[in-house]
Amino acid sequence: MHEISIALSLLEGLSEEAERRRIGRVSAVRVRIGVMSAVVKDSLLFAWDLAAAGTIAEGSELKIEEVPLALWCSKCDCERAPTFPTSFQCSVCGTFATEIRHGRELDIVAMEVPDDIPAG
Ligand SMILES: [Zn+2]
């Protein structure tokens, strides 16, 4: 299960950001995870609870937003969805894409702080 190392690295980024903004406690964290990042959502939620224990994010809710794969099709000259969720083939013309535009994200997009503590 590599989700524990992902949870730890997300927490690392979160702690740095929280420190910078002088946030002492986080109640929820919103992350964006691409379909190609091979993250099992349930495993990550489980890992998050374990990894967050004893940190500013202890007991926080991890809100996962899944990002579908988007390819750059050189033939259509625009961004296209694949023929099926993990394919690299343009759903419109069938050309194999050489570039992934979305779907490999593994980012923190927002953190929520408890209502009684104002955000820095
Ligand atoms: Zn195309």
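Predicted model: local features only at pLDDT ≥ 70, side-chain atom pairs only at ≥ 80, totals over all residues.

Biologist: How do strands 1 and 2 run, parallel or antiparallel?

Modeller: Strand 1 (residues 28-34) and strand 2 (residues 61-67) run parallel, joined by seven bridges. Strands here are DSSP E runs of at least two residues, helices are H or I runs of at least four, and both are numbered from the N terminus. Two strands pair if DSSP finds at least two bridges between them.

Biologist: Which residue does Arg30 bridge to in strand 2?

Modeller: Lys63 is the partner of Arg30 there.

Biologist: And what do those strands make with helix 2?

Modeller: With helix 2 (residues 41-52), strands 1 and 2 make a right-handed β-α-β unit. Right-handed means that, with the strands pointing away from the viewer, the path from the first strand over the helix to the second runs clockwise.

Biologist: What's the strand order in the open sheet?

Modeller: The order is 4-3-5, with antiparallel pairing. Strand 4 (78-80) and strand 5 (99-102) stand at the edges with a single partner strand each, so one side of each has no neighbour in the sheet. Strand 3 (residues 70-73) pairs with strand 5 over three bridges, and Ala70 has His102 as its bridge partner in strand 5.

Biologist: Switching to the core: which residues have the most contacts inside the largest one?

Modeller: Ala7, Leu11, Leu14, Val26, Val29 and Trp48, in a nonpolar core of 20 residues. Such a core is a set of buried Ala, Val, Leu, Ile, Met, Phe, Trp, Tyr and Cys residues joined through C-beta atoms within 7 Å. Buried means 20 or more other C-beta atoms within 10 Å of a residue's own, exposed 12 or fewer, and partly exposed in between, with C-beta atoms placed from the backbone.

Biologist: Which elements give two or more residues to this core?

Modeller: Helix 1 (3-20), strand 1 and helix 2 do. Helix 1 gives the largest share, six residues.

How values were computed: Residues numbered from 1 in each chain as written.
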